[in-house]
Amino acid sequence: MGRGRVELKRIENKINRQVTFSKRRNGLLKKAYELSVLCDAEVALIIFSSRGKLYEFGSSGMSKTLERYQRCCFTPQDNSLERETQTQIMIEQMEDLRKKERELGDLNKQLKIKLEAEGQNLKTIQGLWSSGAAAETSNFPLHPSHPHPMDCDHEPVLQIGYHHFVQAEGSSVPKSMAGETNFIHGWVI
């Protein structure tokens with residue numbers, strides 16, 4: 001004995017409505033799958049619940065099927081309208097890019113001004129180094145690798161060297177310990 005016809009109207013009871021949605025959604029997805037397998041059909045099914053949750057089935061991939069649908073359904077007149085819309089979107093994007101380009105130009109100018117101010121400070125430091133004022137107040141000798149260490153085209157490089165330790169002739173340190181002693185006493189200032 002079969003079921004009677006169900007009256008098609010919105011189910012008022014929230015719980016019953018959700019149960020019916022879930023059952024019928026699963027049945028619809030199953031039928032879409034069966035149709036695609038049995039009849040070798042390209043099927044795409046999109047379902048949004050009342051809460052906005054997405055359920056979908058695509059036998060050949062949703063994007064591929066939707067692109068095929070758009071190619072089949074749009075007439076040449078629709079394509080011209082679509083092209084106009086795309087052109088308008090591209091124009092707006094270009095205007096946004098130009099605006100961002102101007103903003104970047106302004107930022108670039110501000111950075112240039114800051115760098116020039118820093119350059120003045122750098123020149124002051126260079127003057128101290130070249131006059132020897134910094135060397136006189138320092139306990140460390142200045143051994144520049146470049147005539148003017150701050151005037152080079154590349155970044156300054158910190159050069160750390162290992163000073164060889166020569167063991168005194170009368171030293172009581174055995175030869176096997178010389179490397180360790182060299183390491184401990186090798187830093188000469």
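Select Asp40 to begin the tour. At 72% relative accessibility, Asp40 counts as exposed; here exposed means over 50% relative accessible area, buried means under 20%, and partly exposed lies in between (1.4 Å probe, protein chains only). Asp40 sits in the loop between H1 and S1. Its backbone has a positive phi of about 50°, although Asp40 is not a glycine. Most residues other than glycine have a negative phi.

Two remarks on the model are needed at this point. This is a predicted model, in which local features need pLDDT of at least 70, side-chain atom pairs count only at pLDDT 80 or more, and totals for chains, interfaces and linings use all residues. Residues are numbered from 1 along each chain as its sequence is written, and side-chain values use heavy atoms, with hydrogens and water left out.

**The whole chain**

Now display the chain as a cartoon. The chain has five helices and two strands, and along the sequence these follow the pattern α-β-β-α-α-α-α. Helices (H or I, at least four residues) and strands (E, at least two) are DSSP runs, numbered from the N terminus. Of the 189 residues in the chain, buried residues make up 10%.

**The loop between H1 and S1**

Select Ala41, which is also placed in the loop between H1 and S1. Is Ala41 buried, partly exposed or exposed? Ala41 is partly exposed, because its relative accessible area is 28%. Leaving aside neighbours within four places in sequence, Ala41 is in contact with Leu35, Ser36 and Ser59; contact means heavy atoms within 4.5 Å. The C-alpha atoms of Ala41 and Ser59 are separated by 8.1 Å, and the two residues are 18 residues apart along the chain.

Next, select Ser36 in helix H1. Ser36 has a relative accessible area of 10% and is therefore buried. Not counting residues up to four places away in sequence, Ser36 touches Ala41, Val43, Phe57 and Ser59.

Then move to Val43. With residues up to four places away in sequence again not counted, Val43 touches Ala32, Leu35, Ser36, Phe57, Gly58 and Ser59.

**The nonpolar core**

Which residues form the largest nonpolar core? Select these seven residues: Leu29, Ala32, Val43, Leu45, Ile47, Tyr55 and Phe57. A nonpolar core is a set of buried Ala, Val, Leu, Ile, Met, Phe, Trp, Tyr and Cys residues joined through side-chain atoms within 4.5 Å. Helix H1 (14-39), strand S1 (44-48) and strand S2 (54-58) are the elements that give two or more residues to this core. In soluble globular proteins, nonpolar side chains tend to be buried together.

**The hairpin**

Select S1 and show its side chains.

S1 and S2 run antiparallel and are joined by five bridges; two strands pair if DSSP finds at least two bridges between them. Phe48 stands opposite Leu54 in S2. The two strands form a hairpin with five residues between them, and Gly52 in the turn has a positive phi of about 90°.

**Salt bridges**

How many salt bridges does a search of the whole structure find? The search finds two, a salt bridge being a side-chain nitrogen of Lys or Arg within 4 Å of a carboxyl oxygen of Asp or Glu. Side chains of opposite charge can pair when their charged atoms come close.

Select Arg68 and Glu42, whose side chains meet in a salt bridge (2.4 Å, N to O). This pair links distant parts of the chain: Arg68 belongs to helix H2 (residues 62-73) and Glu42 to the loop between H1 and S1, 26 residues apart. Arg68 counts as partly exposed at 43% relative accessibility, and Glu42 counts as partly exposed at 26%.

The side chains of Glu12 and Arg10 meet in a salt bridge as well (3.5 Å, N to O). Glu12 is exposed, with a relative accessible area of 61%.

**The cysteines and the annotated span**

Select Cys73. A search of the whole structure finds zero disulfides, a disulfide being a pair of cysteine sulfur atoms within 2.5 Å. For Cys73, the nearest cysteine sulfur is that of Cys72, 6.4 Å away. Cys73 is partly exposed, with a relative accessible area of 42%.

Finally, select residues 90-117. The UniProt annotation "coiled-coil region", from an unreviewed entry, covers this span; UniProt positions are given in the numbering used here, feature names are shortened, and annotations may be inferred rather than shown by experiment. In the model the span is 100% helix and 0% strand, and its end C-alpha atoms lie 41 Å apart.
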